[in-house]
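Let's take a friendly walk through one protein chain. Have a look at the sequence and the 3D view first, and then we'll go through a few spots together.

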Amino acid sequence: MKRQLYTADHEAFRSTVRTFLEKEVLPHYEQWEKDGIVSREVWLAAGRQGLLGLAVDEEYGGGGNPDFRYSAVLAEEFTRAGAPGLAIGLHNDIIGPYLTSLGTEEQKRRWLPGFCSGETVTAIAMTEPGAGSDLQGIRTTAEDHGDHWILNGSKTFISNGILADLVVVVARTTPEGGAHGLSLLVVERGAEGFERGRNLGKIGQKSQDTAELFFTDVRVPKENLLGELNGAFVHLMTNLAQERLAIAVAGIAGAEHLLEITTRYVKEREAFGRPLARLQHIRFEIAEMATECAVTRTFVDRCVTEHNDGGLDAVHASMAKWWATELQKRVADRCLQLHGGYGYMSEFPVARAYTDGRIQTIYGGTTEIMKEIIGRSLLG
């Protein structure tokens, strides 16, 4: 069935994204995978191409277009290209809304132009060694010292952690209060006491720098408080629906792309004197995956439409996230199996997609957390 989600303008933007990938990303990607990090130059190239800050007002250097469908196009094309290492989605769709919706006028003028040009790479530091999805377990603290905060603590699994010039840190600003005693503080590159640990080794997305961050008596100016004091929990919950939808969009795009690759492969690959596609088991596998992808695509596209209209709630975002990413995981496993020994070879796209996509059911809230959110909404 023909998709109804996009207009001619979105498809023109898709062509722009594909050209950017072909010229600025794919020729360098193997080297970035070896280096464990992308170049700063590609961030600047993305800024010049207008791929950063799509929803940021034009007066700050952004695209001035809040239509999430453009972000969805970016997510789809980067996923299909097998290039998740350049974390534009994290920058645009997860961190961008914090700066645009919570930032003061002074903060916006200070941070957003670089955000849109690619000169300022961003990260959000929430996860700690002892606190993953549990915000109440956060131990990083910020003590009030009059005109500044003193920040102490550590974070881990921070995407863009090495390259980031601006880090939104979730810290405890009251001794009590559980998850409701947290605030968002922005730490800038070069702050004394702010150190980066290892660029963590991962099984996939190797060119996406993921780091440990350490804060030792870091002096954070009061004007770097983002949003309300002790209001981080509400701020984080407000933006999670878009984050999870963005992951779902990438999830179904990844599954569909793997299905396309594998369908071509089984038509060409022969076994027992005939193409694999002639075997009933193979046809059934392809039929099942195609049907699951078609059904999931319909739901995710509907969620994108709802989000554009301002109506996507946390429950349906959680449904989209867990279902699309679990489908991506299943499809990756089945497609690798259908490739046989070649599927286990790292030069085959299906192998990289298998390892790159495995994180999808974990970050942005695990599948188990998604089910808990859905279950609570239904059962109380």
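Is Phe-272 buried or exposed? Keep in mind that this is a predicted model. Phe-272 is exposed, because its relative accessible area is 81%, and the cut-off for exposed is over 50%.

**Two residues with positive phi**

Phe-272 has something else to show you: its phi is positive, about 55°, although it is not a glycine. You'll find Phe-272 in the loop between β9 (270–271) and β10 (274–275). Asn-230 also has a positive phi, near 65°, and is likewise a residue other than glycine. Look for Asn-230 in the loop between β8 (225–226) and α7. With 26% relative accessibility, Asn-230 counts as partly exposed.

**Helices meeting helices**

Now turn to helix α9 (residues 314–338) and helix α11 (residues 367–379), whose axes come within 9 Å and cross at roughly 145°. The crossing of α9 past α11 is left-handed. On the α9 side, the residues in contact include Val-315, Met-319 and Trp-322. Their partners in α11 include Met-370, Ile-373 and Ile-374. Sorted by class, this contact between α9 and α11 has 7 nonpolar, 4 polar and 3 charged residues. Here's a handy bit of background: an α-helix has 3.6 residues a turn, so residues three or four places apart point the same way.

Helix α9 turns up again when you look at helix α10 (residues 349–356). The buried residues of α10 are Val-350, Ala-351 and Asp-356. These buried residues of α10 pack against α7 (232–268) and α9.

Take Cys-293: the nearest cysteine sulfur belongs to Cys-335 and is 8.1 Å away, and Cys-293 is in no disulfide. For a disulfide, the two sulfur atoms would have to be within 2.5 Å. Cys-293 is buried, because its relative accessible area is 3%, and buried means under 20%. Cys-116 is buried too, with a relative accessible area of 4%.

Key
Residues numbered from 1 in each chain as written. Predicted model: local features only at pLDDT ≥ 70, side-chain atom pairs only at ≥ 80, totals over all residues. Heavy atoms only, no water. Axes fitted to C-alpha atoms, helices over the stretch in contact; angles between N-to-C directions. Helix = DSSP H or I, 4+ residues; strand = E, 2+ residues; numbered from the N terminus. Left-handed = near helix turned anticlockwise from the far one by under 90°. Contact = heavy atoms within 4.5 Å. Nonpolar A, V, L, I, M, F, W, Y, C, P; charged D, E, K, R; others polar. Buried < 20%, exposed > 50% of the residue type's maximum accessible area, 1.4 Å probe, protein only.
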